[in-house]
Amino acid sequence: MPRNLWIGLPGRLRELSQAATAFERGAELGVTQFTSLGGQVTTVAPQRTARKTKFTFDRLSEDDAAHLDRLARRIDGPGPVVVIDPVTRNLLDPLQAEGRSPGGSAAPYWYSSGGGTGKLQLSTRTGAARDAYEWKPDSATTQLSWHRRPGAGFPVAPGMTLRFTLPVSWRVGPCATRLHWRDAAGVYLSSAAVTGHTLSATVPAGAALVTPSGIAGEVGTYPLDGAVLTIDDPHIPTAPVNLLSADQAAGRGATTQWSTVGLTLSTDAGGFVVASLPANTSGSLTFEQEGQNNYRPLPGPGFLGPVLPPALRARAQYCHIGYFNASGTFLTFSDGWAPSEVPATATHFTCSITFASATTAFSTRLGPAKLLHIDTTAPQLAGDGCPAMAVTGYTDSPARPLPYRNISIDLTEVTSASI
């Protein structure tokens with residue numbers, strides 16, 4: 001177990017110093033069973049079940065016992081209470097972590113803000129899971145936030161180490177990750193941010209809630225499965241692999257690593273390759289693969305995407321990725337900047353960048369650049385959630401010697417409440 005029990009109202013979370021001597025974790029199944037006169041059995045069950053937990057402590061300290069006593073007797077408010085149990089790792093709801101939302105609406109789990117809007121829609125991908133959603137930002141700076149209800153964010157306490165990782169498909173693009181800290185009332189305090197797919201940060205003083213957010217960095221369509229939010233956890237997220245060689249990624253070495261149309265390649269005083277495009281000229285740049293007939297091998301299924309230097313990306317018009325099977329037969333292509341899903345039978349690909357004609361000449365270094373691939377078959381940390389819960393049973397048995405206490409507390413998930 002990575003931690004002991006955290007429990008309390010938002011802004012008053014407390015980690016109990018003693019691990020529970022007994023810990024039961026189940027679900028309120030709510031199954032009704034009928035047996036016909038002919039002996040056929042029919043069961044009726046709700047679509048989702050509420051979590052139930054029970055903790056038993058032996059010789060709990062006086063301060064921890066007082067904290068549980070106040071929660072059980074609702075002295076600090078009617079509840080429900082926040083519970084982060086010892087085996088919870090990914091705080092996102094199980095369906096949310098899979099990019100799914102039942103009921104025909106994504107509103108319970110995600111919302112967009114900042115730098116434009118976007119569209120959350122049911123996935124059109126072949127083989128997508130039931131109720132799977134995808135994100136279509138209309139701007140490279142549009143932000144998507146992960147929502148937790150009830151409340152304005154996921155519960156945290158100052159000093160915790162929080163790590164948020166964006167969905168799998170986002171990680172092969174120029175994404176950015178953010179954590180927005182809020183007080184117990186949901187009022188914004190500050191943010192932590194990083195360029196990349198994973199952000200690790202320490203919860204600052206005064207923060208009681210956090211809203212994890214991400215920016216995909218390119219207009220396109222992005223599946224939402226694979227996001228991970230952990231607290232004080234050693235989990236290392238699956239990272240993409242740069243398929244470019246070290247020299248290509250740095251943008252230096254022999255110019256034969258690239259082929260061009262319309263552009264001229266040269267080497268500057270620092271040993272970096274520079275691409276120049278005259279005014280009123282269109283062109284293209286292809287990343288070559290020596291010894292592979294210019295076809296680059298694919299590591300396997302997944303997503304593929306380019307991340308270019310800002311100056312090169314600003315001038316580029318399209319990224320053209322062509323996919324081929326083992327015999328070299330062309331399969332399909334993508335011509336956008338958003339991550340491209342690798343076709344099932346593809347084994348090789350080509351990648352070219354095109355440039356439209358402009359009235360001004362253009363010149364910039366080719367690096368640093370990335371051609372990222374991520375394997376979607378790698379298992380991701382499943383969502384477990386940190387649902388709001390109500391205290392439904394409580395027993396306090398004073399122990400010997402006092403002031404130690406033997407306490408048992410029962411909690412049940414509530415699906416509609418206001419904190």
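**Notebook: burial, rings and pockets**

I began with G186, which is buried at a relative accessible area of 16%; buried means under 20%, exposed over 50% and partly exposed in between, with a 1.4 Å probe and protein chains only. The model is predicted, and I took local features only at pLDDT of at least 70 and side-chain atom pairs only at pLDDT 80 or more, while totals for chains, interfaces and linings use all residues. Residues are numbered from 1 along each chain as its sequence is written, and side-chain values use heavy atoms, with hydrogens and water left out.

**G186**

I placed G186 in the loop between β14 (176–182) and β15 (188–195). Helices (H or I, at least four residues) and strands (E, at least two) are DSSP runs, numbered from the N terminus. Not counting residues up to four places away in sequence, G186 touches A152 and L209; contact means heavy atoms within 4.5 Å. I also looked up A208, 22 residues from G186 along the chain, and found their C-alpha atoms separated by 8.3 Å.

**Helix α1**

I then went to α1 (residues 62–72), where D64, A65, H67, L68, D69, L71 and A72 are buried. Which strands do the buried residues of α1 pack against? I noted β1 (6–8), β2 (14–15), β6 (50–60), β7 (81–84), β33 (388–398) and β34 (405–413).

Within helix α1 I checked D64, which counts as buried at 1% relative accessibility. Leaving aside neighbours within four places in sequence, D64 is in contact with R14, E15, L16, S17 and Q18. Just after α1, R74 takes a positive phi of about 55°.

**Rings**

For aromatic pairs I used rings of Phe, Tyr and Trp (its six-membered ring) with centres within 6.5 Å; planes under 30 degrees apart count as stacked, over 60 as edge-to-face and the rest as tilted. By this rule I count 10 aromatic pairs. One of them is F324 with F330, edge-to-face, at 5.7 Å centre to centre and 70° between the planes. F324 is buried at 10% relative accessibility, whereas F330 is partly exposed with a relative accessible area of 44%. Ring pairs also link W146, F164, W170 and Y222 into a cluster.

Next I looked for charges over rings (NZ of Lys or CZ of Arg within 6 Å of the ring centre and within 35 degrees of the ring normal). The charged end of R313 sits over the ring of W337, 4.0 Å from its centre. The charged end of R315 sits over the ring of F362, 5.7 Å from its centre.

**Pockets**

I searched a 1 Å grid over the protein atoms alone; a pocket is an open set of points where a 1.4 Å probe fits, with protein on both sides within 12 Å along at least five of seven lines, and lining residues have an atom within 4 Å of a point. Points are joined across faces, edges and corners, and a volume is the space filled by probe spheres set on them.

The largest pocket has a volume of about 760 Å³. Of its 31 lining residues, the closest to the centre are R48, D93, Y109, P387 and E413. The elements giving two or more residues to this lining are β3 (22–28), β6 and α2 (94–97). I sorted the lining into 15 nonpolar, nine polar and seven charged residues. Ala, Val, Leu, Ile, Met, Phe, Trp, Tyr, Cys and Pro count as nonpolar, Asp, Glu, Lys and Arg as charged, and the others, Gly among them, as polar.

The second largest pocket has a volume of about 420 Å³. Of the 27 residues that line it, A97, E98, R125, D225 and G226 are the closest to its centre. By class I noted 14 nonpolar, nine polar and four charged residues in the lining of the second largest pocket.
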